Amino acid sequence: MKGLRSRIDYVLKHNPLAQAAYVNAVSLAMRVFGAFVKTDDKLILFSAHGRGYNDSPRAIYEAMKKDSRFDGYKFVWAVENPKKANIPGCAVIAPDTPGYFMTSLKAGYWITCVNIERGLRYKKKDTRYLNTWHGIPLKTIGNAANGRKDYDFSHIDFFCCSCEYDKAIYQRDFGVKPQSLIESGLPRNDALYRADGNKVKAVRDKLSIPDGKKAILYAPTWRDSTDGGMSFTLKPPIDLELWREKLADDYVLLVRAHAYTDALDVKGGDGFVRDVSDYPDVNELMIASDILITDYSSIAFDYAILLRPIICFGYDYEEYKKSRGLYLDLDDVMPSGVVRDERTLLARIENMDYVAEAQKTRGFKDAFLQYGSDATRICINALFGEK
């Protein structure tokens, strides 16, 4: 079912006429049907990135569950596999099912970091909608992306932003209304602002990272399918034997695939390299890591909160910039520019002046994280008022 949906998503995304016909017809049907469905103002529908229990909606949900003001509310999470979900205190439902769409019509509140309506347009006027989004945009999004002119988020009531840079993009390329923007930062990042030495040690112990070794988190971004939506597997040009030879004495390598990527082509098992793609809390991986290696992922902005070294490994930078589109010149913006080949990357790590590299991250953080650290509270108060 997941594979079929991925292929359908791919076809609709890459065929504007088919997409327009689908969106217009189904949106109309949902609006007509929704007119006969009563809204429940104590029902909240959550969905997150990768159709799992994660990201900013999770941070908001867990705060609400501890808040007596929300006693009596009903919570529903949309997750990929409800039978395997372990989310305390709520109902779970599979996305893109009749039950999911019925729940969305009933719910008085929507909280997501992606799109509750699954690309459709049927929100009722009395449904209050918070979209935290899932990262400060580095890659072109919305109507700035190739072949897309169909994004219109003007009906979203509240939309999180982290700085003046992303605020402008959301208005221009998503059509978010200026009055809907919340200068909050991302709720998921609150934990990064509060990470202290005790938290770092606890997470490193949990991950069995040996004392005396540094941890590198390699977290590349998603890339589009190359086989018509059949798979979304990423195979970066990494020679793990070379990495092991150069780094294994001093480092542990944590490899994290993007939520929409099927897998990364790596093999671990020896203690040096570990595939942590299924690890449930990416914040803990960041907190435990001494260095981040990424490419064009917004995780770089999140990691900057920790003021640790960030390396942009853009092995396909020119090609990616041309085919996918970027808002920024990463050679100018990333703390140490773009590293384009593997041996230069490894030499950068081996010869790193850690303090100097960490200091470069400060300017990056100051430019793109102007709001943040109390986003969960700000979002809850915006959506529900000062309850």
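User: What covers the buried residues of α7?

Analyst: In this predicted model, the cover includes β8 (214-218) and α9 (282-288). Contact means heavy atoms within 4.5 Å. Helices (H or I, at least four residues) and strands (E, at least two) are DSSP runs, numbered from the N terminus. Residues are numbered from 1 along each chain as its sequence is written. Local features need pLDDT of at least 70, side-chain atom pairs count only at pLDDT 80 or more, totals for chains, interfaces and linings use all residues, and side-chain values use heavy atoms, with hydrogens and water left out.

User: Which residues of helix α7 are called buried?

Analyst: Buried means under 20% relative accessible area, exposed over 50%, and partly exposed in between (1.4 Å probe, protein chains only). In α7 (residues 197-206), Val200, Val203 and Arg204 are buried.

User: Why are these residues said to lie on the same side of α7?

Analyst: They cover an arc of only 100° around the axis, and therefore share one side of α7; the arc is that of the directions from the helix axis to the C-beta atoms. On the other side, Asn198, Lys201 and Lys206 are exposed.

User: What makes Asp196 a cap of α7?

Analyst: At the N-terminal end of α7, a side-chain oxygen of Asp196 lies 3.3 Å from the backbone nitrogen of Asn198. A polar contact is a pair of N or O atoms within 3.5 Å; within protein, one must be able to donate a hydrogen and the other to accept it, and residues adjacent in sequence count only if both atoms are side-chain atoms.
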